[in-house]
2 protein chains.
Amino acid sequence: MTTRTAAQRRDEARAEFESFLAECPSRDILQTITGKWTCLVLASLADGSMRYNALARHIAGISPRMLTQTLRALERDGLISREVTMAVPVEVRYSLTELGSGLLGVVLQLKTWAETHVEAVRAARTSYQE
Amino acid sequence: MTTRTAAQRRDEARAEFESFLAECPSRDILQTITGKWTCLVLASLADGSMRYNALARHIAGISPRMLTQTLRALERDGLISREVTMAVPVEVRYSLTELGSGLLGVVLQLKTWAETHVEAVRAARTSYQE
């Protein structure tokens, strides 16, 4: 009996897929999981489920069309789940799935990186313009 | 004399900026650092500098226009540097800056996540369609 560690299984799975190749299905997944709005939607759900309207308020400036589109892609890819409660008005709540929770850590690191490197990027932009 | 740890300084910087706010400059930075092409360009430079043509071959399927646009945004934001060597033909090489190297770890995690979760996302898509 061979026992493989989680890291070994991950390496095997990785060897099979390579995002540098245009036809690799992982390229398409990279498309969903990257993107500013994906990052902000997943980060919003870090502390629990949220209703559509609460999400729209929390992610200031997102258009209803973009929010709907982002939620749909994340639901399709199994990163969030959508729960509809029959009431008047109907209540729709979104929450992270187990798969989405697994990705959350990386996404929060990206968000934190952006927030902690504002000055460095600003300085770079200034010297780029000069 | 107060000595602040790197983590404390990071928390302070973070308190100042918040990507959930539309006007926050970190929102704009999140825009640059997320995105499929950004991720693949930074990951390509993980092992050292590369010429434009080598990058174009390495990231299969990227259009010249998109590659140029991505490189320009990354250079402007200080994540990569562009070095021109006077020769015939002129040689242009791109490499990660210190700032870009700091972001690389998170970017590689995203790429690995996509490559190791192809089956899980595929299963989610199948059940979503049903």
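A residue is counted as buried when 20 or more other C-beta atoms lie within 10 Å of its own C-beta atom. The legends below describe a predicted model.

Figure 1. Chain A contains 7 helices and 3 strands, and their order along the sequence is α-α-α-β-α-α-β-β-α-α. Of the contacts in chain A with a separation of 6 or more, 49% are made by residues 24 or more positions apart.

**Figure 2. Close-up of helix α3 of chain A and its surroundings.** Because 8 of the 9 residues of α3(A) are buried, this helix is largely enclosed by the rest of the structure. The buried positions are Lys36(A), Trp37(A), Thr38(A), Cys39(A), Leu40(A), Val41(A), Leu42(A) and Ala43(A). Within chain A, they pack against α2 (25-33), α4 (52-58), α5 (64-76), β3 (91-96) and α6. The buried residues of α3(A) also pack against α2 of chain B.

**Figure 3. Packing of α3 against α6 in chain A.** Helix α3 (residues 36-44) and helix α6 (residues 98-116) of chain A pack at an angle of about 115°, and their axes are 9 Å apart. The crossing of α3(A) past α6(A) is left-handed. From α3(A), the residues Cys39(A), Leu42(A) and Ala43(A) take part. They meet Gly100(A), Leu103(A), Leu104(A), Val107(A), Leu108(A), Leu110(A) and Lys111(A) of α6(A). By class, the residues of this contact comprise 8 nonpolar, 1 polar and 1 charged.

**Figure 4. Packing of α3 against α6 in chain B.** The axes of α3(B) and α6(B) lie 9 Å apart, at an angle of about 115°, and α3(B) passes α6(B) in a left-handed crossing. Cys39(B), Leu42(B) and Ala43(B) are the contributors from α3(B). Their partners in α6(B) are Gly100(B), Leu103(B), Leu104(B), Val107(B), Leu108(B), Leu110(B) and Lys111(B). This contact has 8 nonpolar, 1 polar and 1 charged residues.

**Figure 5. The largest nonpolar core.** This core has 50 residues, of which Leu42(A), Leu110(A), Val41(B), Leu42(B) and Leu110(B) touch the most other members. At least three residues come from each of domain 1 (1-33) and domain 2 (37-129) of chain B. Beyond its neighbours within four places in sequence, Val41(B) is in contact with Leu55(B), Ile59(B), Thr70(B), Leu71(B) and Leu74(B).

**Figure 6. The side of chain B that touches chain A.** Contacts between the chains involve 46 residues of chain B and 46 residues of chain A. On chain B, two or more residues come from each of α1 (6-16), α2 (25-33), α3 (36-44), α5 (64-76), α6 (98-116) and α7 (118-129). Helix α6(B) gives the most, with 11 residues. The class composition of this side of chain B is 24 nonpolar, 12 polar and 10 charged residues.

Figure 7. Ile29(B) is buried, since 27 other C-beta atoms lie within 10 Å. Apart from its neighbours within four places in sequence, Ile29(B) is in contact with Ala114(A), His117(A), Val118(A) and Val121(A) of chain A, and with Asp77(B) of chain B. Ile29(B) and Asp77(B) are 48 residues apart along the chain, and a distance of 8.1 Å separates their C-alpha atoms.

Terms used: Residues are numbered from 1 along each chain as its sequence is written. Chains are lettered from A and ligands numbered from 1 in the order in which they are written. This is a predicted model: local features need pLDDT of at least 70, side-chain atom pairs count only at pLDDT 80 or more; totals for chains, interfaces and linings use all residues. A nonpolar core is a set of buried Ala, Val, Leu, Ile, Met, Phe, Trp, Tyr and Cys residues joined through C-beta atoms within 7 Å. A residue is buried if 20 or more other C-beta atoms lie within 10 Å of its own, exposed if 12 or fewer, and partly exposed in between; C-beta atoms are placed from the backbone. Domain bounds come from an automatic or database domain assignment. Two residues are in contact if their C-beta atoms, placed from the backbone, lie within 7 Å. Helices (H or I, at least four residues) and strands (E, at least two) are DSSP runs, numbered from the N terminus. Ala, Val, Leu, Ile, Met, Phe, Trp, Tyr, Cys and Pro count as nonpolar, Asp, Glu, Lys and Arg as charged, and the others, Gly among them, as polar. Axes are lines fitted to C-alpha atoms, for helices over the stretch in contact, and angles run from 0 to 180 degrees between N-to-C directions. A crossing is left-handed if the near helix is turned anticlockwise from the far one by less than a right angle, and right-handed if clockwise.
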